[in-house]
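Here is a short tour of a protein model, going from the overall fold to its helices and its sheet. Please keep the structure in view as you read.

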Amino acid sequence: MLLKYAGPKPLVSAHGITFDFNKEDKFIYLSIVAELIQALDHDYIENKRYTYLARAKPLDIDSIFKLISDKEPNLSSQIEERRLIAEKEIENEIQRARDNRLLGEEERNVLIRNINLLHDYQVNRAVNKTLYYCGVDAVANEIKKGHIDSISAPMFPKFLHVLHSIQGAFKLLMPSVETQIDIFEAEGHLTVQLKIIWG
């Protein structure tokens, strides 16, 4: 299985292909998620504060996959399941394009070609998304296991995105765990902090 960056969400029509740059490929967040798993995976001493120095460059994809799959043994089957779902969604899109009588024959053909052109791209994005959310769940589980009260990071958009995703994972827990994200200045730098409010 080849894991790689695909790109922003494509918008496919009979008139061409455009991209929604607000819907970035989850691949760009994978290294942060994997490093969080790495940073959190240890025994904890109560009331001790831990610091982790993030790498200057992203982890390679093999390291990312290993860190996440070590925490989620069913990762490969989840990715394969999502790949098959993506394939089926693409088949359904093609069938809808064939059945679309509002478009002329040439427009239908262009739409079908555009969908086919983006086949691998769409599947790649779906696989990356599955890997990302499995990683986010692994981070949430590490936080729960260590009964961690907060995680702070520099206020960069990618860190904020990942912390929001972790916050979402806590909402899905049964029972759900309340969390809060704060942005503040500390030592002259903007910081984002995820607080976990244990009941």
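The protein chain holds six helices and five strands, where helices (H or I, at least four residues) and strands (E, at least two) are DSSP runs numbered from the N terminus. Read from the N terminus, the elements follow the order β-β-α-α-α-α-α-β-α-β-β.

This is a predicted model, in which local features need pLDDT of at least 70 and side-chain atom pairs count only at pLDDT 80 or more, while totals for chains, interfaces and linings use all residues. Residues are numbered from 1 along each chain as its sequence is written, and side-chain values use heavy atoms, with hydrogens and water left out.

Some values for the whole chain are gathered here.

| Property of the protein chain | Value |
|---|---|
| Buried share of the 199 residues | 38% |
| Accessible surface | about 12,400 Å² |
| Carbon and sulfur share of the accessible surface | 52% |

Buried means under 20% relative accessible area (1.4 Å probe, protein chains only), and accessible areas come from the Shrake-Rupley method with a 1.4 Å probe.

**Helices**

Helix α1 (residues 30-40) is mostly covered, with ten of its eleven residues buried. Among them are L30, I32, V33, L36, I37 and L40, together with S31 and E35. These buried residues of α1 pack against α2 (61-71), α5, β3 and α6 (157-172); contact here means heavy atoms within 4.5 Å.

Helix α5 (residues 119-146) also meets helix α3 (residues 75-99): their axes come within 9 Å and cross at roughly 145 degrees. The axes are lines fitted to C-alpha atoms, for helices over the stretch in contact, and angles run from 0 to 180 degrees between N-to-C directions. On the α3 side, the contact includes L75, I79, R82, R83 and I90, and on the α5 side it includes H119, V123, V127, L131 and C134. Sorted by class, the contact of α3 with α5 has nine nonpolar, four polar and four charged residues.

**The sheet**

Which strands form the open sheet, and in what order? Three strands do, in the order β3-β5-β4, with antiparallel pairing. At the edges are β3 (150-154) and β4 (178-186), each pairing on one side only. From one strand to the next, the twist averages 20 degrees. Two strands pair if DSSP finds at least two bridges between them; β4 and β5 (residues 189-197) pair over nine bridges in the antiparallel sense. Within this pair, E178 stands opposite I197 in β5.

Key
Ala, Val, Leu, Ile, Met, Phe, Trp, Tyr, Cys and Pro count as nonpolar, Asp, Glu, Lys and Arg as charged, and the others, Gly among them, as polar. Buried means under 20% relative accessible area, exposed over 50%, partly exposed in between (1.4 Å probe, protein chains only).
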